[in-house]
Number of protein chains: 2
Amino acid sequence: MDNVAADLSRDRPRLGRSSTAERVADILRDRISAGFFQPGQRLSEETISEGLGVSRNTLREAFRLLGHERLLDHKLNRGVFVRLPSAEDVSDLYRVRRVLEGAAVRRKPDERALEGLKEAVLDAERAAGRDDWQGVGTANIRFHQALVSLNDSPRIDEAMRQLLAELRLVFHVMENPRAFHEPFVDRNRTLLGLIEAGEPERAAAYLDDYLDHAERLLIHAYEPNR
Amino acid sequence: MDNVAADLSRDRPRLGRSSTAERVADILRDRISAGFFQPGQRLSEETISEGLGVSRNTLREAFRLLGHERLLDHKLNRGVFVRLPSAEDVSDLYRVRRVLEGAAVRRKPDERALEGLKEAVLDAERAAGRDDWQGVGTANIRFHQALVSLNDSPRIDEAMRQLLAELRLVFHVMENPRAFHEPFVDRNRTLLGLIEAGEPERAAAYLDDYLDHAERLLIHAYEPNR
DNA sequence: AACGTAAGGATCGTTGAACAATTCGACAAG
DNA sequence: CTTGTCGAATTGTTCAACGATCCTTACGTT
């Protein structure tokens, strides 16, 4: 194999990147994350396919994709709805977080990932400084994404991405997201310190307490009206 | 909520059960698991839609489903192919296993899940007794599925199901699966013993070694011809 | 008032056909 | 041996149609 071909082969995945259905899925995913479509809301095939100028068939392919990511709920003969996680779903999401983040924290951190953690903490603190609670929320999410990336596994990264997208649905039905995100800025800072100090066991214990606290807080503030 | 409704609500998921696309996906999934469609093989839309008597559009919906489970590889304008995992994929799969199974082993096992583990070990031993290496393989897979279920998380169970389906693809391109599965029957028995004895740390250490060994063996015997 | 039934409209599920876009192999030209 | 071109085969996407299913409303029965 010659060098030219070897260098190029890294960019190969970018080639397959397109397809109307996937682009439609991207758009819908963004809208859902942003809260434009609210949890529980039904997405009409006709309305959306018209609005986006794609056929119903293509839109349905996009729906399937998002359904598999648990962002949409597909009910037979009744249509697709923006997922509205139940209290048990929230508990399960935190069980997964304990596993993924717990494993991450026990690993020897590599330099690049550590950098991502530091930046996320800084961003959160800066956002908090200017009362931008939306910004604090997304920075916190970036922190945990970076934390999980310590596992150094593409599949785990992907799973975490989905998990956090699902969690964002929960935030959207909370009455007061600011109160939820604020206290965790300091906690992230502390957790980062323990990791940098090379104290995996203490970091793991701290994280467990962290997640317990967050889960309780979230479930308490969360009463999905169904 | 009264008791009757509570009891019934467990069966609710089964109600939504149907849809041609999902049934088609089930069929294809089974065929892939069984090795009827070999990794790398292309699945023609025309041939399969004719063979199954469904329209191309419906078949495409099924393809999307399986693509998200990483069983199919969708290449734009070129069709769908049965996934052929790379060596890096195998490594990543084992990274995920270390995380999921490691977390499982450290938890206090509940009675029901323990029962599943015992049965899987017995099945594997019985199958080994009659030289049924296919049977040993599926029993071993059941063992690890049951192991992960100790985490008590539906999402983790689902992730493990997908992971094992993907791993089955790897087994299908191995020249000699019998040699791979055989030595792990005893290991499963030992691991089960450590769990029953309530020695999570020793079980975790044993498991780590177990998975390291399996990964090395698998990657060594695995040279995907691409 | 509670329940079973019927009718109607809206929406989804699935199909079949059609055409554009893309890939791939073959073959000719340099 | 490399490059350009053509055409067959396959996928990507759209469209229109029809049956199936669900929801609502209305009506009648008990």
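**The surface near DNA strand C, and what lies around it**

A: The surface near DNA strand C draws on both protein chains, for at least two residues come from each of α3 (45-52) of chain A and, in chain B, α2 (20-34) and α4 (56-68). Please keep in mind from the start that this is a predicted model. In total, 17 residues surround DNA strand C, and the closest are Gly79(A), Thr20(B), Ser55(B), Asn57(B) and Thr58(B). When these surroundings are sorted by class, three residues are nonpolar, 10 are polar and four are charged.

By class, the surface near DNA strand D has three nonpolar, 10 polar and three charged residues.

The next step is to ask how the two chains are placed. Chain B can be laid on chain A by a turn of 180 degrees with a shift of 0.1 Å along the axis, and the RMSD is then 0.1 Å. The two copies are therefore related as by a two-fold rotation axis. In chain B, the C-alpha nearest that axis belongs to Glu61(B), at 3.0 Å from it. The same surface serves both copies, since 100% of the contact residues of chain B recur in chain A.

As for the contact itself, 25 residues of chain B are in contact with 25 residues of chain A. On the side of chain B that touches chain A, at least two residues come from each of α4, α5 (87-105) and α8 (154-172) of chain B, and the largest share, seven residues, comes from α5(B). The residues on this side of chain B divide into nine nonpolar, eight polar and eight charged.

We can now look at chain A as a whole. Chain A has 11 helices and three strands, and from the N terminus on its elements run α-α-β-α-α-β-β-α-α-α-α-α-α-α. Its C-alpha atoms fill a box of roughly 60 × 55 × 35 Å, taken along the principal axes. Of the 226 residues in chain A, buried ones make up 31%. Among the contacts in chain A between residues at least 6 apart in sequence, 70% join residues at least 24 apart.

His181(A) lies in helix α9 of chain A, and His181(A) counts as buried because 23 other C-beta atoms lie within 10 Å, where 20 or more are required. Leaving aside residues up to four places away in sequence, His181(A) touches Trp133(A), Val136(A), Gly137(A) and Asn140(A). His181(A) and Ala128(A) are 53 residues apart in sequence, while their C-alpha atoms are 9.6 Å apart in space.

A loop residue gives a contrasting case. Asp152(A) lies in the loop between α7 and α8 of chain A, and its phi is near 60 degrees, a positive value in a residue other than glycine. Asp152(A) counts as partly exposed because it has 14 C-beta neighbours inside 10 Å. In chain B, Asp152(B) likewise has a phi near 60 degrees and is partly exposed, with 14 other C-beta atoms within 10 Å.

Among the elements of chain A, the lowest mean pLDDT, 52, belongs to helix α1 (residues 3-8), and the highest, 97, to α5(A). Over residues 1-5 of chain A the pLDDT is below 50, and this stretch has one contact in the model beyond near neighbours in sequence. Where pLDDT is low, the predicted coordinates should not be read in detail.

Technical notes:
Residues are numbered from 1 along each chain as its sequence is written. Chains are lettered from A and ligands numbered from 1 in the order in which they are written. This is a predicted model: local features need pLDDT of at least 70, side-chain atom pairs count only at pLDDT 80 or more; totals for chains, interfaces and linings use all residues. A residue is near a molecule or strand if its C-beta atom, placed from the backbone, lies within 6 Å of it. Helices (H or I, at least four residues) and strands (E, at least two) are DSSP runs, numbered from the N terminus. Ala, Val, Leu, Ile, Met, Phe, Trp, Tyr, Cys and Pro count as nonpolar, Asp, Glu, Lys and Arg as charged, and the others, Gly among them, as polar. pLDDT is the predictor's confidence in each residue, from 0 to 100. Two residues are in contact if their C-beta atoms, placed from the backbone, lie within 7 Å. A residue is buried if 20 or more other C-beta atoms lie within 10 Å of its own, exposed if 12 or fewer, and partly exposed in between; C-beta atoms are placed from the backbone. Copies are superposed by least squares on the C-alpha atoms of residues with pLDDT of at least 70 in both.
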